[in-house]
Amino acid sequence: MYKLLLALLVVFVSIGHAAAQDKLTISGYVKDAKNGEALLGATVFVPTLGEGVTTNDYGFYSITLPRGTYDISFSYVSYLEEKRQVKLENANVKLDLELKESALVLETVTISSERVDANVRSIEMSVNKVDMRTIQKMPALLGEVDVIRSIQFLPGVTTVGEGATGFNVRGGNVDQNLVLLDEAPVFNSSHLFGFFSVFNPDAVKDVKLIKGGIPAEYGGRVSSILDVRMKEGNSKKFAASGGIGTIFSRLALETPIIKDKGSFIVAARRSYIDVLAKPFLSGDLKDSRFYFYDLTAKANYQIDDKNTVFLSGYFGRDVFGADFGFDWGNTTASARWNHIFSDKLFLNTTAFFSNYDYRLQSDLREPNPQDAFRWNSNIKNYSVKPDFTYYLNSRNKISFGGQMIYYTFQPGKAEAISGGETRIIGQDSKYAIEYAAYLGNEQKLGKNFTLQYGIRYSLYDYIGPGKAYTYGPQTGERREPISTQTYKKGERITRYGNWEPRFSANIGLGDASSIKVSYNRMAQYLHLLSNTAAASPLDVWTPTSNNIKPQLSDQIALGLFKNFKDNLFETSVEVYYKSLQNQVDYIPNSDLLLNPELEGDLLFGDGRAYGAEFFIKKTKGKLNGWLSYTLSRTERQIKGLNNNDWFPSRFDKTHVLNFVGIYDLNQRVSFSLNFTYGTGTPATFPTSKFIWQGYALPHNFYAQRNGYRIPDYHRVDLAAIVKQKKKLFGTGEGEWVFSIYNLYNRRNAFSVYVRQSEDNPSQTEAVRYSVFGSIIPAVTYNFKF
Amino acid sequence: MKNIQWFYFFLLILMGTACQDVIDLETEAGETQLVIDAWVTDESKAQTIKLSLTQPYFDKGGIVPAKGATVIVFSEDSIPYPFVDLKNDGNYVWKPKIAGDKLLQVGKQYALYVKYGAEEYFSISKVNRVPPIDSLNYFKQKFPVAPTDLRQEGYQVDFYAKDPVGKGDCYWVRAYRNDTLFDKPSQIQAVYDGSFSPGGSADGLLFILPIRASASPDLYNANDKVKVELYSIPQEAFFFLQLVRSESTNGGIFATVPTNIPTNIQPLDQKNKKQVLGFFAVSAVSSIETVVDGSKAIPKPSGR
């Protein structure tokens with residue numbers, strides 16, 4: 001496999017050398033003039049040739065042109081365009097540039113570059129970027145700006161319900177999203193069981209959600225990539241920002257290490273309700289702990305023109321309990337090295353570590369040698385990932401690289417002590433290695449035709465030490481192991497390999513419209529085992545094994561992109577079809593925690609999802625925002641469930657309509673409004689009741705799953721941001737954010753379930769469960785200086 | 001797991017927003033099925049097997065008895081124990097002929113035979129061993145936050161029993177306060193060896209602490225009568241009880257997908273497609289009782 005990739009690479013590179021003799025390259029970095037942050041996806045455009053490139057994830061660009069003199073324009077959304085004349089005569093040119101943020105985002109005459117129609121021109125489809133400044137203006141639950149809650153307003157993104165962990169993209173499960181924080185995967189993206197995401201908005205620079213047309217450099221999850229990039233920290237001067245909200249108090253500090261050469265940022269958040277509650281708690285509650293916090297830090301240093309290093313880390317934890325304690329959290333650390341081999345060859349190498357773990361303990365305050373329960377679980381992974389970009393010429397951008405990930409799983413181990421006698425229960429640790437290599441090219445063919453094609457090969461080894469079980473063949477019920485084999489350390493238990501082809505095309509239709517089409521296959525070797533409505537912090541990531549096959553997805557998407565009124569309005573319509581293989585489901589009454597034979601409780605099947613997404617966005621002006629509508633269906637077919645027929649997934653929503661509107665009244669005051677509507681999620685209800693030992697029990701005569709729907713969901717949120725007139729400490733800025741969540745006080749159902757009546761056990765009733773049953777106002781104060 | 005839900009609700013109470021309300025719901029009705037509720041014990045007292053019919057889920061009417069059936073329990077020695085519907089209300093009863101007479105013997109298998117209309121059904125169950133309940137103790141408890149519909153202050157009772165060595169013993173703990181069974185679905189406590197599940201590896205252990213505490217689904221007052229029964233149950237009954245509990249209390253953010261509670265009662269004729277609901281199990285019972293006396297309470301253990 002490597003040989004094939006290598007051969008392809010050699011072909012590409014040799015074409016490049018043959019063709020590039022009389023051409024020269026301009027390359028460099030594009031940064032923000034105010035704080036030195038790299039600008040990702042800024043456009044570098046040569047109007048006379050009608051050719052251009054965009055900066056990569058580190059702000060680097062490279063464009064190869066015939067000898068000559070060019071006017072080159074550098075532009076970036078809501079930044080002032082810069083033009084430079086470049087003479088390409090004898091040598092390659094290195095050109096670093098800083099762009100200034102336009103003084104007023106709402107200025108209507110900000111920029112008029114020809115290339116602000118990037119959404120139409122670029123090869124990317126099924127990609128949504130949300131500007132952090134937009135996220136910060138949107139009304140937020142309890143005033144806490146939240147990346148993951150915000151992306152749920154994008155087309156194709158849903159959730160199982162309010163307050164649930166994670167998100168679902170185009171019919172994919174929560175575990176099918178690769179959530180990356182500076183390239184390290186985050187295994188549980190939530191605080192407080194799902195109410196808030198782990199990303200500190202003060203430290204986030206850029207958020208990109210890739211739902212389809214996924215380039216070859218990404219792999220490991222079958223539905224989407226959420227690529228969150230952290231700020232690098234102000235490399236010009238010291239800056240501080242923070243705020244006090246309803247839930248969190250926040251502080252972020254950033255400062256140059258050496259001006260324009262390196263900087264760092266440290267951002268911390270902590271919930272403080274426990275601090276406020278402390279004086280009111282007495283007795284046993286006095287020692288209770290309930291808080292969550294996170295710490296995000298990043299440093300970068302430009303060693304010389306060709307080498308830059310970045311270090312980033314995240315540490316977050318939720319802590320609850322008094323005697324009985326429960327805490328969980330993620331840790332990620334990544335180190336990156338950008339190296340420019342030549343004006344055309346860019347390398348980023350990332351090494352990362354990521355960990356998710358939780359712990360429950362019954363005797364936290366005072367160890368009890370007689371009766372106790374102490375349980376812990378974790379998943380750790382270590383990875384190295386070189387990614388090369390070769391700017392062959394202005395028409396071909398080749399990317400290639402690889403990744404190796406070493407996983408250790410501790411799915412759950414507990415020490416149970418009863419009457420002084422100790423038992424160790426749970427599962428043995430598990431180990432796996434995932435390798436991947438990829439090669440891709442983005443190729444422009446003529447003015448109106450761009451292709452992106454690539455291939456990724458992933459190889460997965462499930463290795464010892466460990467036990468591999470073989471289970472009986474029956475489905476729909478618990479299977480007991482029929483044989484067990486023990487493997488030594490490093491010994492291969494099973495291996496899977498998958499070719500993952502990727503393809504996208506952009507066909508330009510005149511000035512401001514294009515048709516895009518894409519196909520991608522993705523493979524996933526990790527599975528989050530979760531049999532509850534919303535994923536919980538206790539859910540365990542489990543490796544592909546001799547019993548669990550890798551998940552696979554194939555997705556095709558077709559889109560029409562068109563901009564109106566000089567790119568004031570961006571619109572798109574996309575349709576997609578996704579098929580999923582080897583999807584995991586569960587037998588009734590499955591036992592997924594601390595169960596060494598849990599694989600016997602799993603069921604397997606297929607999934608499919610299809611839909612149409614309509615999106616219109618107003619990019620500029622006093623009033624801006626977007627409206628999206630998604631018509632979709634997502635279903636599963638699992639042997640042993642629903643009489644083996646297809647059934648809608650838990651998060652299937654036929655219609656979803658989202659509106660986000662931001663109105664900038666003036667420089668000081670802005671208002672925003674969200675509206676969301678979604679068809680009720682599917683539910684299973686009984687047909688009959690039967691009385692057993694006085695209990696009225698439900699029974700579904702047809703053994704159907706998800707045959708009903710709970711009431712539709714809709715909600716309006718409002719926010720107002722008022723900047724203070726007075727400067728803080730001379731130069732700083734303070735602002736008040738007033739927000740109202742669930743404006744018209746609707747009791748949206750998270751679920752509807754049935755139970756026997758409290759008063760009369762032989763009678764039954766249906767209950768609507770609402771996570772938020774009322775209007776939720778909040779006030780937040782933010783500052784920066 | 002319940003602890004975690006508790007924390008969750010605790011937080012939501014702090015946020016003061018989560019709510020549940022009863023709503024109207026219309027669902028399709030299924031065909032009417034026979035329900036057999038046959039839980040027989042080795043106690044020397046009248047044993048009842050209830051036969052009824054399923055109703056549409058939201059039907060407000062009372063239980064619909066299934067009358068005119070033939071109900072017989074056979075021992076493995078082929079001795080028939082007929083159950084008779086004395087009051088013609090679907091309650092089929094067997095009574096000991098003389099005091100001390102028992103229907104069941106530990107270690108033996110029993111078969112249930114039911115004929116209703118033209119359909120015949122059967123099931124087999126075995127009486128497993130049950131350990132004695134060694135003791136009860138109690139201490140004064142006061143919860144910092146008043147639990148919904150439960151007492152905040154009173155005596156919390158633990159029972160002590162030890163699982164005999166040998167994997168797979170299952171039990172049902174039943175607690176009574178002043179002769180009233182704690183009968184909420186969430187108070188059903190099934191035990192596997194000395195713990196909650198087969199993976200608990202609690203074989204041969206003193207019942208673990210949370211199970212000992214299931215003698216107290218609610219607190220007791222001084223002079224309240226406490227009675228705890230321990231039923232030995234077959235393994236399949238353990239899973240049945242787990243499902244009864246989870247399917248009747250299956251709400252909230254971490255609810256599982258509703259599923260049908262399987263039965264262990266089969267049609268005698270394999271070709272008969274008319275399935276019944278319910279369960280047949282035989283249990284040996286050990287029990288203990290006392291009256292709460294404040295002066296005998298033990299000091300409150302740490303962490304309780």
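Which residue of S5(A) is the bridge partner of A:Val44? In this predicted model, in which local features need pLDDT of at least 70, side-chain atom pairs count only at pLDDT 80 or more, and totals for chains, interfaces and linings use all residues, that partner is A:Phe74. Residues are numbered from 1 along each chain as its sequence is written, while chains are lettered from A and ligands numbered from 1 in the order in which they are written.

Chain A comprises domain 1 (2-116) and domain 2 (127-784), with bounds that come from an automatic or database domain assignment. The centres of domain 1 of chain A and domain 2 of chain A, taken over C-alpha atoms, are separated by 32 Å. Helices (H or I, at least four residues) and strands (E, at least two) are DSSP runs, numbered from the N terminus, and two strands pair if DSSP finds at least two bridges between them. An open sheet of chain A has the strand order S3-S2-S5-S6, with antiparallel pairing. Strand S3 (51-54) and strand S6 (82-88) of chain A stand at its edges with a single partner strand each, so one side of each is left without a neighbour in the sheet. From one strand to the next the twist averages 25°, where axes are lines fitted to C-alpha atoms and angles run from 0 to 180 degrees between N-to-C directions. Within this sheet, three bridges link strand S2 (residues 43-46) of chain A to strand S5 (residues 68-75) of chain A in the antiparallel sense.

Strand S1 (residues 23-32) of chain A runs antiparallel to S4(A) and is joined to S4(A) by seven bridges; A:Ile26 has A:Ile63 as its bridge partner in S4(A). Strand S4 (residues 60-66) of chain A is largely enclosed by the rest of the structure, because six of its seven residues are buried (20 or more other C-beta atoms within 10 Å of the residue's own; exposed if 12 or fewer, partly exposed in between; C-beta atoms placed from the backbone).

A further open sheet of chain A, of mixed pairing, contains five strands in the order S9-S16-S17-S12-S13. Strand S9 (127-131) and strand S13 (184-185) of chain A are the edge strands, each pairing on one side only. Strand S12 (residues 177-181) of chain A and strand S17 (residues 224-230) of chain A are parallel and share five bridges, with A:Val228 in S17(A) as the bridge partner of A:Leu181.

Between the chains, 81 residues of chain A are in contact with 71 residues of chain B, contact being defined by C-beta atoms, placed from the backbone, that lie within 7 Å. On the side of chain A that touches chain B, S50(A) provides the largest share, seven residues. That side divides into 40 nonpolar, 26 polar and 15 charged residues (Ala, Val, Leu, Ile, Met, Phe, Trp, Tyr, Cys and Pro count as nonpolar, Asp, Glu, Lys and Arg as charged, and the others, Gly among them, as polar). Two bridges also join S44(A) to strand S4 (residues 55-56) of chain B in the antiparallel sense, and A:Lys689 stands opposite B:Gln55 in S4(B).

Helix H3 (residues 235-248) of chain B, with 14 residues, reaches 20 Å from its first C-alpha to its last, close to the expected 20 Å (1.5 Å times one less than the number of residues). Its buried residues include B:Phe238, B:Phe239 and B:Phe240. The buried residues of H3(B) pack against elements of both chains, including strand S45 (695-699) of chain A and strand S13 (170-177) of chain B.

Key
Contact = placed C-beta atoms within 7 Å.
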